[in-house]
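Good morning, and thank you for making time for this presentation. I would ask you to keep the sequence and the structure in view while I speak.

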Amino acid sequence: MTDPVRVGELLPGVLAEVVDRAGHSYDRWAEQVAATGYCTHPVRLRGRVDHADAETGEVRTVYSTEPEPEATLLKACGNRRASVCPSCSATYQADSFQLLAAGLRGGKGVPETVAAHPRLFVTFTAPSFGRVHYRKAQGRLVYPCHPFRQGQRCPHGGRAGCWQRHDADDPRLGEPLCARCYQTGAQVLWNALAGRLWSRTTIYLHRALARLAGVTAAELRAVVRISFAKVAEYQKRGAVHFHAIIRLDAATDCGCPACVAPPPIGFTAELLERAVRQAAATVAVPCPATDEDQAVTLVARWGEQLDVHHITGAGAEGELSAEQVAGYVAKYATKSTEALGVTLDHRICKVELEGLDVPAHVAELVRACWELGGRPGLGKLRLRKWAHMFGFGGHFSTKSRRYSTTLGALRRARVAYAIRRRRGDTLPLDAWGRPEDDQAVIVVASWAYLGSGYQSTGEAWLAASAAARAREARRIAKEELRTMTMTAA
């Protein structure tokens, strides 16, 4: 048995950084870390906030970073990606849940009557670009991946299928059965056009609903409106698909969420589902010519798999509740390429192409973006810019204006709550002791960016330790609340 190694002997530099940070002004530094929500890469700022009297022009400083530890203020990075900052992504996911749930059950300025509107949860998928390894299970029974007759071969000499019963964490899931048979270029082009395809789908949806209702598109818009919220997700094969919440409202003069009203009688969830299926089957977006002498025009369409579920208040059999849908969709608002088992969180330059430390299929998608991105006809798709996203350059989370509140409103409400919690019931005053709400002062903030992330490994370790303690405290509080609720019931 070997002798135990002391931490000081193993990491003397890091230990010295921890001791140095835990010394003078540690309490205030820990308060800043907690105020960022234990952000992994906080932004470091230096500056001050001044109040200027609107009448006299006198300026007084109400806050300065000079007395702060190292004269620096820490601010959360606000990154939505869980792979970049778990803390900020958790906040983003919680905000997304509230935004999505408000459009389904009301609240946050949205009337509760939306719970009775026709609402659908729809998943739009990409078409097939070739066979890939996948897992199909029914209960405990797992089916073979791609059964085939012995001796069958693909055009390139590979096996025509796969008899493997893949585990859920099998790294081969999403990999093509034959890399040469797989249409990698077509997939990255489809990813690049997916945002336009969704935008055109919303237009076709209005037209399809008008045809089913027996009115023109203009007459339909005078009666009903279609609201939506959607997020994008990567499948294991690297193709994007969309999870969308689609709601039917009455047409009102005001387009704000607070004025949303139920649609007229006859506009049901069944009618909306028929319109969705018709629109998804007919919508198409033309692709720019890949070559100058191309004889045909390529188009992007949705795949054959279209999942449509009705959303109810109780979650009846075959239907989903508002909380289930909001939680499911919000979960993907913080994801990116993690579904493929890799995290590509930065733009890739040409030098990195040959040394990509990623699975072969992922590397082929990135290289296909670079190869196609160099063609003149495809320049507007900016494939090289979005090579790390496999061609997809659209927004991961979008919504229509009248669907519900905004992320900005939720952030402002959270800031206001934090201020009230810190100040209590006292009225906020300006630099002259007057109420801030009287608009007698002009707030002038001056900030300088110093960098992002903690300045030493020791600081990062202390922040991570504090974050772990905070998560454990929240977990215990939730368990105690759940126990008290069950006891009371």
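This is a predicted model: local features need pLDDT of at least 70, side-chain atom pairs count only at pLDDT 80 or more; totals for chains, interfaces and linings use all residues.

**The sheet and its surroundings**

Residues are numbered from 1 along each chain as its sequence is written, and side-chain values use heavy atoms, with hydrogens and water left out.

The protein chain contains eleven helices and 14 strands; helices (H or I, at least four residues) and strands (E, at least two) are DSSP runs, numbered from the N terminus. Its C-alpha atoms fill a box of roughly 75 × 75 × 60 Å along the principal axes. Of the 489 residues in the protein chain, 41% are buried. Here buried means under 20% relative accessible area, exposed over 50%, and partly exposed in between, with a 1.4 Å probe and protein chains only.

I turn now to the sheet. Six strands make up an open sheet with mixed pairing, in the order β12-β11-β4-β8-β7-β13. The edges are held by β12 and β13 (397-399), each with a single partner strand, so one side of each has no neighbour in the sheet. Two strands are taken to pair if DSSP finds at least two bridges between them.

How many bridges join β7 to β8? There are eleven, and the two strands run antiparallel. Among the residues involved, valine 224 has alanine 250 in β8 as its bridge partner. β4 and β11 also run antiparallel, joined by five bridges. By contrast, β11 and β12 (residues 320-321) run parallel and are joined by two bridges, with isoleucine 311 opposite leucine 320 in β12. β11 is mostly covered, five of its seven residues being buried.

Next, the helices on the sheet. Helix α4 (residues 86-105) lies across β4, β7, β8, β11 and β13, and runs at about 35° to β8. Helix α5 packs on the sheet as well, touching β4, β7 and β8, and its direction makes about 25° with that of β8. For these angles, axes are lines fitted to C-alpha atoms, for helices over the stretch in contact, and angles run from 0 to 180 degrees between N-to-C directions. Contact, or touching, means heavy atoms within 4.5 Å.

How are α5 and α9 oriented to each other? Their axes come within 9 Å and cross at roughly 70°. The two helices are therefore roughly perpendicular, since angles under 35 degrees count as roughly parallel, over 145 as roughly antiparallel, 65 to 115 as roughly perpendicular and the rest as oblique. On the α5 side the residues are Thr184, Gly185, Gln187, Val188 and Leu189, and they meet His361, Glu364, Leu365, Ala368, Cys369 and Leu372 in α9. By class, this contact has six nonpolar, four polar and one charged residues. Ala, Val, Leu, Ile, Met, Phe, Trp, Tyr, Cys and Pro count as nonpolar, Asp, Glu, Lys and Arg as charged, and the others, Gly among them, as polar.

The largest nonpolar core has 68 residues, and Phe124, Trp190, Trp302 and Val366 have the most contacts inside it. A nonpolar core is a set of buried Ala, Val, Leu, Ile, Met, Phe, Trp, Tyr and Cys residues joined through side-chain atoms within 4.5 Å. Elements giving two or more residues to this core include β4 (119-124), α5 (184-213), β8 (240-250) and α9 (360-373). The most comes from α5, with twelve residues. Not counting residues up to four places away in sequence, tryptophan 190 touches Thr125, Ala126, Pro127, Phe129, Leu197, Val240, Ala300, Arg301 and Trp302. Another core, of 20 residues, lies apart from it, with Tyr92, Val325, Tyr403 and Leu410 among them.

Is threonine 290 buried or exposed? Threonine 290, in the loop between β9 (285-286) and β10 (299-300), is buried, at a relative accessible area of 13%. Leaving aside neighbours within four places in sequence, its contacts are Leu189, Leu298, Arg375 and Leu378. Cysteine 254, in the loop between β8 and α7, counts as partly exposed, at 33% relative accessibility. The C-alpha atoms of cysteine 254 and arginine 402 are separated by 9.2 Å, although the two residues are 148 residues apart along the chain.
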